[in-house]
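Keep the sequence and the structure open while you read.

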Amino acid sequence: MDFSNSLLKTETDWTDAWLTAKVIRPIDLQWVQYLQNHTNTSDEAVLMAGVLVSAYLGAGHTCIDLNSIYNGDLAGLEFDPAPNVVLSSWGIASAGDWYDRLSNSPLVVFAHAGSVTESNTDSAPLMLTESGLLYAARYFSFEQSLLSFIQLQEVKGRRQVDAQKLAALFPNAETRELDWQKIAVANAASMDFSIISGGPGTGKTTTVTKLLALLVWQSLDDANVSVGKTVPRIALAAPTGKAAARLTESISGAKQKLDIAPHIFEAIPETATTLHRLLGADFGRSRFKHHKGNPLHIDILLVDEVSMVDMPMMAKLIDALPTHARLVLLGDKDQLSSVEAGNVLGDLTFGIQREKVTRAQFTGLADSLGAEELTLLSRQVIEQAPAIQRHLSLLSKSYRFNDQSGIGRLASAVNLCQVDRTLNVLRSGYDEVLWKPTDLVNEELDIASLAQGYKEYWKQVRQRTSPAQLHSTFSQYQVLTAVRQGTFGVESVNDSLEKYFYRQGYIESQSIWYPGKAVIMTRNDSNTGLFNGDVGLCMPDEQNVLRVWFILANGEIKGLLPSRVSSFESVFAMTVHKSQGSEFERVTMILPNNASPVLGKELIYTGITRAKQYFELWANELILQGALKKRVQRRSGLTKAIWKD
Ligand SMILES: Nc1ncnc2c1ncn2[C@@H]1O[C@H](COP(=O)(O)OP(=O)(O)OP(=O)(O)O)[C@@H](O)[C@H]1O
């Protein structure tokens, strides 16, 4: 693209420098040029703000903060020259000056609730708030709908909770120690909007299955569907096909463990779907079938793996929710945020306090819990908390990792950014944690050792085992990488692994598709119904025709001819980003040998918590230390708006 005639071209050549350094993308300039052409604006300070808004969106931030940028806080993005240096060279001496220039531009509209809707975003491309946050208008509108939804929850009354039924679902609840899963259920049952967050194995699925059982039981009462009582319509959803398939599996498992009447058991669904499918994605159109004008036909919506849900999707989900429906969000707030812009779960749970309840919550729980529980809970009350706190429950006791577990300890140290403790755990010789320090100079990867984990998989490929069994074996082990490019990036590691498998004779032919080939979808495909992130394994069917087998969100297995599978890549190694929503018995995670903007503690925490039994880390100590000190904090207006009290 030639920008030579553009007003963006200045003596400082800031656009060229930023493009060359890849800190902005051509699309960021194209967008601003488009705006510029439509409004005849030539104020470079405004155009720079537009370029930054677009570039920040690309990096996952929903807005820019003029004050932070002017003060040199660039959210980890490496702009050289720094925006404030360029702005100063134009005589803009403070963030306030920049604000004034933006306020007077035809490109910018002063932002307040209701000042923009998704349909009028073209006439108001940039939105500026009083506090100096600048948004692309669509993103301001998404954020506003989420805020309005949360505000609406505050005026809704409490729902009655049946204490006896609740107690029956928690027969082992102790009287000397609070059961925070029970409190989470009691709390969520009493309101229309709730978030249950927790690390791996803290019982999120168990808790939410009991919540569904309680809600169904309360609706149907003790008798079988009695006159005048209807079964609540419940939908289970997750952001990706893989996460939905896992939710299907884990809800069915958790249901089996409940001691409930058959008619309640039957009324709790087991099949989850993707958010796209739930909302009625029409791949040819940007709008979903379900929205405010045509809401979903449901009474309760449970969404799992919410850390992966981006801001536009969350806004659309809320838009499609009928006003009477309950929304329960589930996820691990400490995991990586969504690939696209936003950090919805992180923002909503930003100031969450562990094992605390607000005064309002405590009062609300009075008729749901026993006297002894209330006495214990009364010691956990916080008097001052923002309104959102009463919608939140944080589960922290892990039923997967006990206090002695290496993986649990490692995840906890990483999550708290404790460098020394992390290194101690890695060096402590736990059976289930191994650290292989990598050499910064000699970038050889021990592929033979990496490939060991796939031995059982290849054995089963040779034995032509069933696709379901093959998937089960494949999910036992996964190599994870932090980045895509470079020797330790996913592309190179996959390539090396495939070459190794070929040399070992595991791969039988040189064609693209061979028995045992493992792929991951890289985009949604309306023709096949597959979703970005779905994993397919190649094996002959009973007629000896090669097919690629996928596990669908509902748990079914579907075999497609390879010619029907497009937009995929190999998945013997996958990026940590793509692994969100999946878990494996054993994981090897490889960090790159140079610092990368994506490398922060959230990524390392997410990688570790994919492993259920064994975790191996291949990383250089310096790179690891640097990553642990880095928190990737996404800019948005949500946190301040919700947690300001
Ligand atoms: N209160 C409890 N007492 C005993 N075991 C429990 C309890 N809660 C959960 N578990 C067990 O711990 C394991 C993990 O529980 P669950 O799957 O509900 O957790 P999760 O937070 O959803 O896990 P994940 O990290 O996989 O999403 C399961 O085997 C479950 O049966």
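Residues 571-613 have end C-alpha atoms that lie 21 Å apart. The span is 28% helix and 30% strand. UniProt lists these residues, in an unreviewed entry, as "domain: UvrD-like helicase C-terminal". The model is predicted.

**The four-stranded sheet**

- An open sheet of four strands runs in the order β1-β4-β3-β2. Its pairing is mixed.
- β1 (63-65) and β2 (108-110) stand at the edges. Each has a single partner strand, so one side of each is left without a neighbour in the sheet.
- Neighbouring strands of this sheet are turned by 25° against each other on average, direction ignored.
- β2 pairs with strand β3 (residues 126-128) in the parallel sense, over three bridges. Within this pair, Val108 has Leu126 of β3 as its bridge partner.

**The five-stranded sheet**

- An open sheet of five strands has the order β18-β17-β16-β15-β19. Here the pairing is antiparallel.
- β18 (557-560) and β19 (568-570) are the edge strands, and each pairs on one side only.
- From one strand to the next, the twist averages 35°.
- Strand β15 (residues 518-521) and strand β16 (residues 535-540) run antiparallel and are joined by three bridges. Ile520 has Val535 in β16 as its bridge partner.
- Helix α22 (residues 467-474) lies across β15, β16, β17 (546-551) and β18. The helix runs at about 135° to β16.

**Helix α11**

- Helix α11 (residues 241-256) has 16 residues. At 1.5 Å a residue they should span 22 Å, and the end C-alpha atoms are 23 Å apart, which agrees.
- Buried residues of α11 include Gly241, Ala243, Leu247, Thr248, Ile251 and Lys255.
- What covers the buried residues of α11? The cover includes the helices α10 (204-220) and α12 (262-267). It also includes the strands β6 (234-238), β7 (272-274), β8 (300-303) and β17.

**Salt bridges**

- How many salt bridges does a search of the whole structure find? The search finds 26.
- Side chains of opposite charge can pair when their charged atoms come close.
- Arg159 and Asp192 meet through their side chains in a salt bridge, at 2.7 Å from N to O. Arg159 lies in the loop between α7 (137-155) and α8 (163-169), and Asp192 in the loop between α9 (180-189) and β5 (193-198), so the pair ties together parts that are 33 residues apart in sequence.
- Arg159 counts as partly exposed, at 30% relative accessibility. Asp192 is buried, with a relative accessible area of 10%.
- Lys165 forms a salt bridge with Asp162, and the closest N and O atoms are 2.8 Å apart. Lys165 is buried, at 8% relative accessible area. Asp162 counts as partly exposed, at 26% relative accessibility.
- Glu373 and Lys182 meet in a side-chain salt bridge of 2.9 Å, N to O. This pair links distant parts of the chain: Glu373 is in helix α17 (residues 371-378) and Lys182 in helix α9, 191 residues apart.
- Are Glu373 and Lys182 buried or exposed? Glu373 is buried, with a relative accessible area of 10%. Lys182 is buried too, with a relative accessible area of 5%.
- A network of salt bridges links Arg246, Glu305, Arg400 and Glu583.

Conventions. Residues numbered from 1 in each chain as written. Predicted model: local features only at pLDDT ≥ 70, side-chain atom pairs only at ≥ 80, totals over all residues. Heavy atoms only, no water. UniProt positions renumbered as here; feature names shortened; annotations may be inferred. Helix = DSSP H or I, 4+ residues; strand = E, 2+ residues; numbered from the N terminus. Pairing = 2+ DSSP bridges. Axes fitted to C-alpha atoms, helices over the stretch in contact; angles between N-to-C directions. Contact = heavy atoms within 4.5 Å. Expected span 1.5 Å × (residues − 1). Buried < 20%, exposed > 50% of the residue type's maximum accessible area, 1.4 Å probe, protein only. Salt bridge = Lys/Arg side-chain N within 4 Å of Asp/Glu carboxyl O.
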